[in-house]
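Hello,

Here is the structure I promised to pass on. Please have a look, then read my notes below.

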Amino acid sequence: MRKIPTHMLVAGSAWAGRVISAVAGLVTIRLLTNGLGMERYAAYAVLSGLQGWYLLCDLGVGISLQNHISERRAREQDYVDLIWAAALVAISLLFVTITALYFISPFIAPKILNSFVFLSESEKTRQFFTVGALSIMIGIGSIVYKIWYAEQRGYLANIIPAVGAVLTVLAIRSIVRSGLGGTEKLHWSLVASFVPLALLPVVALVGRGAACSGQRLNRELLRPLIKRALKFWFFGLMAAGVLQIDYVVMSQFLKPDEIVIYNLSTKIFNIAFFIYAALLAAVWPVCAEAIARNEWPRVKKYLRDYNLAGICFICMITAALILLMPWLVHLLSPKQHLVVPTLFIVGLGCYFAIRVWSDTFAMVLQSMSFLRPFWIIVPLQAALSVSLQWLLIPQYRIFGVIMGLWDPLSLLLAGHCP
């Protein structure tokens, strides 16, 4: 009987985990929209939408470590010393970044949450710092996921988020049903949303690092790890300028109901897109090992097959959501009268189809640790995205967000792949 490829098993576990996480996420949205109301849920959405920026606090160590482990595995070499070094770096980053966030929160929070007048200055700072600190823990703790993916044990990286999602639902359910009101309910809803997803990977990373302790920390080992990590971090920073600027700009111009419409629609699309993203995450270390062995025909086949399958999948999801979106929005937010325009759904579908193309080529280039194209393309993308959203959102509202996110420059990535 033909053996199932390891990366397909990992992707399958990711899909199963995502089904659990998706169901939990939909239940969470329903609980929060009913429990918090329109304005407070909009504030919740903006604060949660900033998470992508905090995930950068690992400074790219996770991806760098994953590629280094894959390269050693391809040469059948031990890599315990790499994990020990990365764990020490991660714990140091955790304390430094959270401390820095504590001091800058009073200056940034009032600007990000400027339109939410029901929050006082001190409350804005508290909510901002709470989400930021827990998101930093998620980002740095997720280094352990990269270790598992490199070892082609990515199913472990899929179980923990699924467990965290279930715990999140239980925690939010208790908060919504409690006697808390107003901003206190918002605050503890944020805590309940992020604590399970933050603590589980951090504990796993500390445990994995402790299991590798006793290794000599070699500066010659740290130098290539950190040097490559910083290249990935710069790429991630520029990518955040493309993909994570939406909530920052929306918080300045859009009304709460518009933010909620955007949030619900993108969450539904993201659930579908994660099915494809999970496959890419699983095939990443396989590509890295294939590249290390110079198996280029195999890499080209991955590019061709996954691009075609991903774009077709997004087209089918878009067609289905055109029909099902009114029912889904009512299911998720029965107390709010929200209408998602059909043209907006089509625009999101086009955006995610472009994401399939760009993410697939980006995965191959990153698995090669070949980041030179990103140094030119991604800063241009970030500048274009920020400028377009800032100009278009005030005039075209939520349609301006999608118009600013469309990414024609990603087509250039294809020219840099083998």
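**Salt bridges and a nonpolar patch**

Glu 184 is partly exposed, with a relative accessible area of 29%. On this scale, buried means under 20% relative accessible area, exposed means over 50%, and partly exposed lies in between (1.4 Å probe, protein chains only).

Before the rest, the ground rules. This is a predicted model, where local features need pLDDT of at least 70, side-chain atom pairs count only at pLDDT 80 or more, and totals for chains, interfaces and linings use all residues. Residues are numbered from 1 along each chain as its sequence is written, and side-chain values use heavy atoms, with hydrogens and water left out.

What does Arg 126 form with Glu 184? The two form a salt bridge, with the closest N and O atoms 2.5 Å apart. A salt bridge here is a side-chain nitrogen of Lys or Arg within 4 Å of a carboxyl oxygen of Asp or Glu. Arg 126 lies in helix α5 (residues 121-141) and Glu 184 in helix α8 (residues 182-211), so this pair ties together parts that are 58 residues apart in sequence. Helices are DSSP runs (H or I, at least four residues), numbered from the N terminus. Arg 126 is partly exposed too, at 30% relative accessibility.

The structure holds 10 salt bridges. Another of them joins Arg 397 and Glu 258, at 2.9 Å from N to O. Arg 397 sits in the loop between α14 (372-396) and α15 (398-405), and Glu 258 in helix α11 (residues 256-292), so the pair links parts that are 139 residues apart in sequence. Arg 397 is partly exposed, with a relative accessible area of 26%. Glu 258 is buried, at 13%.

Next, a network. Salt bridges link Lys 301, Arg 304 and Asp 305. Within it, the side chains of Arg 304 and Asp 305 meet at 3.6 Å, N to O. Arg 304 is exposed, with a relative accessible area of 52%. Asp 305 is partly exposed, at 30%.

Last, the nonpolar surface. Which residues make the patch of about 580 Å²? They are Ile 20, Tyr 155, Ile 159, Val 163, Val 166, Leu 167 and Leu 170. Patches are made of residues with over 30% relative accessible area and no salt bridge; like charges are joined within 9 Å, and nonpolar side chains (Val, Leu, Ile, Met, Phe, Trp, Tyr) within 5 Å. Accessible areas come from the Shrake-Rupley method with a 1.4 Å probe, and for residues only the protein chains shown count as cover. Helix α7 (residues 154-176) gives the largest share of the patch, six residues. Val 166 lies in helix α7 and is partly exposed, with a relative accessible area of 38%.

Best wishes

Conventions
Helices (H or I, at least four residues) and strands (E, at least two) are DSSP runs, numbered from the N terminus.
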